[in-house]
Structures are given as C-alpha cells and as structure tokens.
Amino acid sequence: MSIQRYSVNQHPIQTLLSWIESGEIAIPEIQRPFVWSASKVRDLIDSLYAGYPVGYLISWRNPSVKLKDGTTSEGKRILIDGQQRVTALMAALLGRYIVNKDYQRVRIKIAFNPIEKRFEVSNPAIAKNKAWIPDISTMISPEFKMFEFVRKYVEENPEIDDDEIFGSVELLRGIVNNHIGLIELNSDLDIDTVTEIFIRINSQGAVLSQADFAMSKIAANESYGGNDLRKSIDYFCHLAVAPEFYRQISEMDKAFAKTDYFAAMRWLKDENDDLYDPSYTDMLRVAFTSEFKRGKLEDLVALLSGRNFETREYEEGIAQASFERLKKGILSFMNETHFKRFLMIVRSAGFIDNSMIRSQNALNFAYIVYLTLRAQKIDNNLIESYVRRWYVMSVLTKRYSSSPESAFDYDIKRIDSLGIDQYLKDIESAELSEAFWEAALPQHLHTSVASSPHFNVYLASQVHANDRGFLSKDITVAALIAHRGDIHHIFPKNYLKKHGLTRGQYNQIANYVMMQSDINISVGDKEPAVYFTELFEQCDTGEPKYGAITDKTQLLENFAMHCIPEGIERMTIDDYDRFLDERRKLMSRKMMEYYKRL
C-alpha cells in the first residue's frame, strides 16, 4: 500500500486570503496576466453564494534549506495550482487590481442584485440601476455598515422588504466563511517528485509544464529578486510581440521601470522583427541551458531551491548563487547586441521569414550555441559558421522534435566537454553522411506537407544563393518569400487532378517552386511538355510568354537554380513519378552544397 504524501484540509476563504496577504502562502501567478474572463469570475462568486464546491487548491512548502550559520530555515508555501481562482477571489471580494492578458492593470467588479439573488459583471447600466449593488467588494469590507446599507437600499427600492434584503446581503458577506479545500504536499517531498506532481495537474484543460513550475518558483522568491526576474521574462516576451507595450510598463510599473532588466529590454520598443518571438518557456530554456550547462528545467527548480546535487541537501548559498546566475543568463538573452546578431546569423543562413521557422527548439538551441560561444570568446566569424551549421543540422535531422529537454541536456554537456568544433564534426559524420544526402534526404522530401522542415531548408538554400524566382529575370526567391509569392506546381495541380491524382500526389513538395503570381497565371494548367517547350521557343523569338527571360543560357541557369531535371520539355503525365524522383535528388544535392558553404 502506497503512503499518502499529502494532507487535505478545509479552510475558510477569509483565512486563505489573510495567509496570502501576510505572505504565508506565495501566489506567484498574481504577477502574471489573469486569463479568466470577467464572466468566469462572476460564475465563481455565484457558485460560492449557492454553497457549491469550487475545487481544491494545491500548495507545497519549500524544502528546508541550510543557512550560512548552520541553522535551517523552512520555506513558505507555494500555491502551485489554483492561482486563477485565488486571484479571482482577491479581485472580486477584496477589490484588488489584476493584470489582464494585455498586461493592463484593471479592476473586475462583480455586481449583485439582492432581490433576484443574481450576480453580473458590473457595467454602466447596472451602476445606474438602484436595484443593483455595482461592486460586491464594498460589502465585504470591514467598514461596511449593514443596517445603514439596508435602510438606504429600501428607501431607493420601497417595494422591497428589508428583511429579505438583509438576508441576501448577509448571505453574500458570509461567502468569506465558506470553506475551500487545500491539498498540502508534504514538505519532505524532493523537487523531482513535486515537479512530476505539478506537471500532472491539469489547469483549464492544459497540462502544466516544468517551465510553469520554474516561473512559479522564481516569482515566489523575495530574498533574491525573484519577482522582478519573473516580470522581466514576462515583459520581454510581451514586448517582443507588442512593442507598444513599453509605454504601459513605464506608466503601470514604475518600480520595475527603474531596474536593470527594463534597461536591457528598452530596445524592443522600436523593434518590429518577428523572426524570433520567444515565449517564457523559450527564454527560460535558453538562459538556463547557456548559463548552467544543463538542459532540464526540473534541475533549474532544484537549484533555485538550493539543492546540492552531491549531498542531496538544500543550501541557501546554492539558491542565492543560482538566482544570480539565472539573472545573468536572462540579461544575456535580452542583450540587444546578442539578440540582433543571432538573428542576423539565422537570416544569413537563408531563414528570412518566420514562416520558415518550424522548430522553435532548434532556434532556441542555436541561440544557446551563440551565447555559449560568445562567453567562450570564440572568434565572431567562427561563431557565425558554427551557429548556422548547428541550426540547419538540427532542422534537417529534426534533432529537437521529441524529448527536447533530454537533447538539450546531452548537447550542451557534450559541447562543454568536447568543444563545439569536435562535437559538431562528430554529429555531421554520424548524421549528415553521404548516405543522408543521397538516400535519406530524398526520402524525407517524399511528402506533401508544405511546411516540411526539409522544404524550408531547401528554400533557405535558394535564399542563401540569391536565386531568382522560377522563370523570373530579376525577382529573387527571398523577395517572393518576404511578399508571400506563389508556390507553383511544376506539373500544374489541375492538370494532375484531371488525370486522377490525389491531393497527396499532386501536392508533393518536389513539385513546388516559388514563382511570381502573374507568371503562375500565365502557365495555367498546361503540362510541362507544352509550356517548357514554349519557354525555349520564346528564347528563339525574343517574345516572352512566361516571365521575362528570353536568353537560353539564363533560362537554363534558372532551371538549375530550381533543380529542374533535364528533359522537362518532353515530360507528360507518364513521366510524373520519374520527375519527382529526379528532382528530389537534385534538391538534396543543392542542400548538401549549401550546407557545406555555411
């Protein structure tokens, strides 16, 4: 029989709120955007008024840590599930401001009709209606005078019995005496176990992640500036997407606006680049892995708690040092020079648009490589080459598509021990051998998924080579990608459909080229044997029919840029499968040559 590793207790809501105000329980999520709608807050209050259960909260007391003088200190409780419900209670019952999903500091007012015993989200119409109490927090306040309120309410609503109103309001005020369940995890549980419990908890249908736990752990620490560190991560990620948010931070959070973090992210207010818009998970992974040379976020939680991995005890000195190192990693991540130079390197590899970024973890680890090599003071030219090769290698091999944390952990430790040059050569020898380019990659190109990472690498190879669009004389592939040019089917889609081919057959990526829309329209549904023959004819006549190329040498160069097999001008439906096989090999060869140039 397993031993129960938690206790379940019922506490009055009033007691819970007082614990939060006194700091007995830390609610890290209070500083993060409140994602509940106002109507959901109303429904929570209505359930409490009706005496319905509203679920359990889950807390865990930090493990005891050794202080410098040899004594131990027991940490405060961290609320690891139920933050949104508690925030809703504090907003509705105590009148506290919350930070909404747009990072605006707002009030959520819940109105109450004591006659109908009904709750609504307050609005101007309700505020003018004498039958409604526009803000129930005024009734929960210790300064609330019941008899004076009832007298005034009955004067304004003379048809109402004062005893009925008294009973309704008394029931509302009694909400704070309702009990709510609190599951308290044993304080002797180790970090790994609590992390596992945390990840298994479902909140709003989404499984909580190790990054969520790490962020909660950071925000709950007051001794080493965890609150500001947590805000810096949230604010940076929001600013990266919405630069106009800068003014709100300046006005809304004046204390944070004076920190080093805010100074480090100030450059984002004028930045509209969306190639890399990191989430807080991305930011944590990169900062932690590059600084600590570990890839598992559960290790970050352990280190921030002060865990000594050798003695398996918890020490205050380790916790303090870990917060300082994480701060250093976050500031390095946010550094304008680092961030912009990294993105310049990614673009120089041909990945110029966020539509080409399909593996965020590949991008994350490429940034880890960049920050790691910068810290090692490697020559800038070498850094650029290593980062380009690592990113493209990881995309081609789908290196971080499964178990990314384990892969991060393994890779950063090998880079740290072997050095980037040796380790990257080892990977290339094992995973990007001749067999990969000649057999495996052509097989990977056997797909109809246009967002295939391998097709994106192919497009990047064209951008890197400054190739022009298919049948274009001057317009580049880069320009077509940037302005969402057409993806043209070399064997036109309707032509193939007329011959009975299915979507998976005619949408093969080996049948795709980037093309100007006007040229695409001119080609229409003609089979290759027709329009490719006409392309050669326009070189003889000098009268362009498809695009502006009228020189045969330039035309053949354009074909080569797009890996068009020889003899295309003679191909019909009977040659389609052979065409795909030949073009996949040519595309693979182009990518191999591109990779070697990186």
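Close-up 1. Helices are DSSP runs (H or I, at least four residues), numbered from the N terminus. The model is predicted, with pLDDT of at least 70 needed for local features and 80 or more for side-chain atom pairs, while totals for chains, interfaces and linings use all residues. Residues are numbered from 1 along each chain as its sequence is written, and side-chain values use heavy atoms, without hydrogens and water.

Close-up 2. In helix H10, Asp 234 and Arg 230 lie 4 residues apart, about one turn. Their closest N and O atoms are 3.3 Å apart in a salt bridge, and both residues are buried. In helix H29, Arg 578 and Glu 582 are likewise 4 residues apart, about one helical turn, and form a salt bridge at 3.0 Å between the closest N and O atoms. Arg 578 is partly exposed at 40% relative accessible area, and Glu 582 is partly exposed at 27%.

**Close-up 3. Aromatic pair of Tyr 224 and Phe 323.** The ring centres of Tyr 224 and Phe 323 are 5.9 Å apart and the planes are at 45 degrees, so the pair is tilted. Rings of Phe, Tyr and Trp (its six-membered ring) pair if their centres lie within 6.5 Å; planes under 30 degrees apart are stacked, over 60 edge-to-face, and the rest tilted. Tyr 224 lies in the loop between helix H9 (210-220) and helix H10 (226-241) and Phe 323 in helix H15 (residues 316-334), so the pair ties together parts 99 residues apart in sequence. Tyr 224 is partly exposed at 24% relative accessibility, whereas Phe 323 is buried at 2%.

**Close-up 4. Stacked pair of Tyr 576 and Phe 579.** This aromatic pair is stacked, with 6.4 Å centre to centre and 25 degrees between the planes of Tyr 576 and Phe 579. The two residues are 3 apart in helix H29 (residues 576-597), about one helical turn. Tyr 576 is buried at 3% relative accessible area, and Phe 579 is buried at 0%.

Definitions and conventions. Buried means under 20% relative accessible area, exposed over 50%, partly exposed in between (1.4 Å probe, protein chains only). A salt bridge is a side-chain nitrogen of Lys or Arg within 4 Å of a carboxyl oxygen of Asp or Glu.
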